[in-house]
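Notebook open, viewer open. I jot things down here as I look them up.

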Amino acid sequence: MTMAQIYKYHLFFCTHQRDDGSANCGEHGSQSLRDYAKQRVKELKIKKVRVNNAGCLNRCKLGPMLVIYPEGTWYHFETEADIDEIIESHLLNNTIVERLVK
């Protein structure tokens with residue numbers, strides 16, 4: 001079975017946190033924004049979309065980051081409005097949000 005048969009989109013949110021003071025997505029509220037994205041996908045009843053936590057995606061200085069597969073589109077996000085725009089544009093209308101691509 002292929003991914004496309006199971007999910008149309010799979011979102012991975014970096015929620016990694018570091019204790020050494022170096023840059024990390026977790027220090028920018030990535031967990032709460034990931035939780036918000038998951039809640040919105042459920043509320044909107046968007047089918048075949050999976051929202052997951054990810055460990056370090058190794059793009060810490062650009063964080064917080066998420067990647068959407070199968071395209072492999074990388075997004076930087078900061079607010080719930082950014083998440084809403086990604087959901088509306090990318091997940092519902094198949095259009096990449098260019099201003100948030102990193």
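Predicted model: local features only at pLDDT ≥ 70, side-chain atom pairs only at ≥ 80, totals over all residues.

**Entry: strand partners of β3**

I looked at the strands on either side of the pairing list. Helices (H or I, at least four residues) and strands (E, at least two) are DSSP runs, numbered from the N terminus, and two strands pair if DSSP finds at least two bridges between them. β1 pairs with β3 in the antiparallel sense, over four bridges. In that pairing I find His-10 opposite Tyr-69 of β3. β3 also runs antiparallel to β4, again with four bridges. Here Ile-68 stands opposite Thr-73, and Val-67 has Trp-74 as its bridge partner in β4.

β3 and β4 make a hairpin with three residues between them. Gly-72 in the turn has a positive phi of about 80 degrees.

**Entry: Glu-71**

I stopped at Glu-71, which is in the loop between β3 and β4 (73-76). Leaving out residues up to four places away in sequence, Glu-71 touches Tyr-9 and His-90 (contact means heavy atoms within 4.5 Å). I also took the C-alpha to C-alpha distance from Glu-71 to His-10: 9.6 Å, for 61 residues of sequence separation.

**Entry: the core**

Next I checked the nonpolar side chains. In soluble globular proteins, nonpolar side chains tend to be buried together. I use nonpolar core for a set of buried Ala, Val, Leu, Ile, Met, Phe, Trp, Tyr and Cys residues joined through side-chain atoms within 4.5 Å. The largest one here has 20 residues, and those touching the most other members are Leu-11, Phe-13, Val-49, Leu-66, Ile-68, Ile-83 and Leu-91. The elements giving two or more residues to this core are β1 (9-14), α2 (30-43), β2 (49-54), β3 (65-69) and α3 (80-93).

What does Leu-91 touch? Beyond four places in sequence, I list Tyr-9, Leu-11, Val-41, Val-49, Ile-68 and Ile-86.

**Entry: rings**

I describe a pair of aromatic rings by the distance of the centres and the angle of the planes. Rings of Phe, Tyr and Trp (its six-membered ring) pair if their centres lie within 6.5 Å; planes under 30 degrees apart count as stacked, over 60 as edge-to-face and the rest as tilted. By this rule I count two aromatic pairs.

Phe-12 and Tyr-69 are edge-to-face, at 6.0 Å centre to centre and 70 degrees between the planes. Phe-12 is in strand β1 and Tyr-69 in strand β3, so this pair ties together parts 57 residues apart in sequence. Phe-12 is partly exposed at 23% relative accessible area, and Tyr-69 is partly exposed at 33%.

The pair of Phe-13 and Phe-77 is also edge-to-face, because the centres are 5.2 Å apart and the planes at 70 degrees. Phe-13 lies in strand β1 and Phe-77 in the loop between β4 and α3, so this pair ties together parts 64 residues apart in sequence. Both Phe-13 and Phe-77 are buried.

I noted one more ring, that of Trp-74: the charged end of Arg-59 sits over this ring, 4.7 Å from its centre. For that I need NZ of Lys or CZ of Arg within 6 Å of the ring centre and within 35 degrees of the ring normal.

**Entry: His-76**

Last stop, His-76 in strand β4. His-76 counts as buried, at 13% relative accessibility. Which backbone oxygen does the side chain of His-76 reach? I find that of Gly-63 at 3.3 Å, and the backbone oxygen of Pro-64 also lies 3.3 Å from a polar atom of the His-76 side chain. My cut-off for a polar contact is a pair of N or O atoms within 3.5 Å; within protein, one must be able to donate a hydrogen and the other to accept it, and residues adjacent in sequence count only if both atoms are side-chain atoms. Setting aside neighbours within four places in sequence, His-76 is in contact with Leu-62, Gly-63, Pro-64, Met-65, Leu-100 and Lys-102.

Conventions
Residues numbered from 1 in each chain as written. Heavy atoms only, no water. Buried < 20%, exposed > 50% of the residue type's maximum accessible area, 1.4 Å probe, protein only.
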